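I opened a new structure today and kept notes as I went. Here is what I looked up, entry by entry.

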Amino acid sequence: METVELKVEMVGIHEKRLRKCLSKLKGVEKVEVDANSQKVAVSSYIHRNKILKAIRRSGLKAEFWSAQNELLNAYAATYGAFRFSPYTSFF
């Protein structure tokens, strides 16, 4: 059994669609969705490319999870609260 981690762009309603499309695949044992970090972990006996293809066929943007995604999520969690307006003056 292999666990595949994917980054899927979604909002709350897409989580249900995602679980439904993955549950239809034979060989999928477990699906874990973290909507905050947009991370999906799928434990299955299916090749990882077939899982990615099924998610994309359902209309969601997806890619394999990478170390760069971990860094971006950490950066967004730390500095995401600081938004700058184009009219902000630093003088």
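**Entry 1: helix 2**

I am working with a predicted model. I began with helix 2, residues 48-57, and asked which of its residues are buried. I found Ile-51, Leu-52, Ala-54 and Ile-55 on that list. They sit on the same side of helix 2, because they cover an arc of only 160 degrees around the axis.

Then I turned the helix around. The face away from the buried side carries Lys-50, Lys-53 and Arg-57, which are exposed. After helix 2 comes Gly-59, and I noted its positive phi, near 100 degrees.

I see an open sheet of four strands in the order 2-3-1-4, with antiparallel pairing. Strand 2 and strand 4 (62-64) are at the edges with a single partner strand each, so one side of each has no neighbour in the sheet. From one strand to the next, the twist averages 25 degrees.

Is strand 3 mostly covered or uncovered? It is mostly covered, as six of its six residues are buried. I checked both faces: Lys-39, Ala-41 and Ser-43 are buried on one side, and Val-40, Val-42 and Ser-44 on the other.

Then I listed the pairings of strand 3. With strand 1 (residues 2-8), strand 3 pairs in the antiparallel sense over six bridges, and Val-4 stands opposite Val-42. With strand 2 (residues 28-34), strand 3 also makes six antiparallel bridges. Here Val-33 stands opposite Val-40, and Asp-34 has Lys-39 as its bridge partner. The hairpin of strand 2 and strand 3 has four residues between the strands, and there Gln-38 takes a positive phi near 60 degrees.

**Entry 2: helix against sheet, and the core**

I wanted to know where helix 2 lies. Helix 2 lies across strand 1, strand 3 and strand 4, and it runs at about 165 degrees to strand 4.

I then looked up the largest nonpolar core, which has 18 residues. Those with the most contacts inside it are Leu-6, Leu-18, Leu-22, Val-40, Ile-51 and Ile-55. Strand 1, helix 1 (12-23), strand 2, strand 3 and helix 2 each supply at least two residues of this core.

**Entry 3: salt bridges**

How many salt bridges are there in the whole structure? My search found three.

- Glu-5 pairs with Lys-39, their closest N and O atoms being 3.7 Å apart. This pair links distant parts of the chain, Glu-5 in strand 1 and Lys-39 in strand 3, 34 residues apart. Glu-5 is partly exposed, at 34% relative accessible area.
- Glu-15 pairs with Arg-19, with the closest N and O atoms 3.5 Å apart. Both lie in helix 1, four residues apart, about one turn of the helix. Glu-15 is partly exposed at 24%, and Arg-19 is partly exposed at 34%.
- Glu-32 pairs with Lys-30, with the closest N and O atoms 3.0 Å apart. Glu-32 is partly exposed at 40%, and Lys-30 is partly exposed at 45%.

Notes
Residues numbered from 1 in each chain as written. Predicted model: local features only at pLDDT ≥ 70, side-chain atom pairs only at ≥ 80, totals over all residues. Heavy atoms only, no water. Buried < 20%, exposed > 50% of the residue type's maximum accessible area, 1.4 Å probe, protein only. Arc of directions from axis to C-beta. Pairing = 2+ DSSP bridges. Axes fitted to C-alpha atoms, helices over the stretch in contact; angles between N-to-C directions. Contact = heavy atoms within 4.5 Å. Core = buried A, V, L, I, M, F, W, Y, C linked by side-chain atoms within 4.5 Å. Salt bridge = Lys/Arg side-chain N within 4 Å of Asp/Glu carboxyl O.
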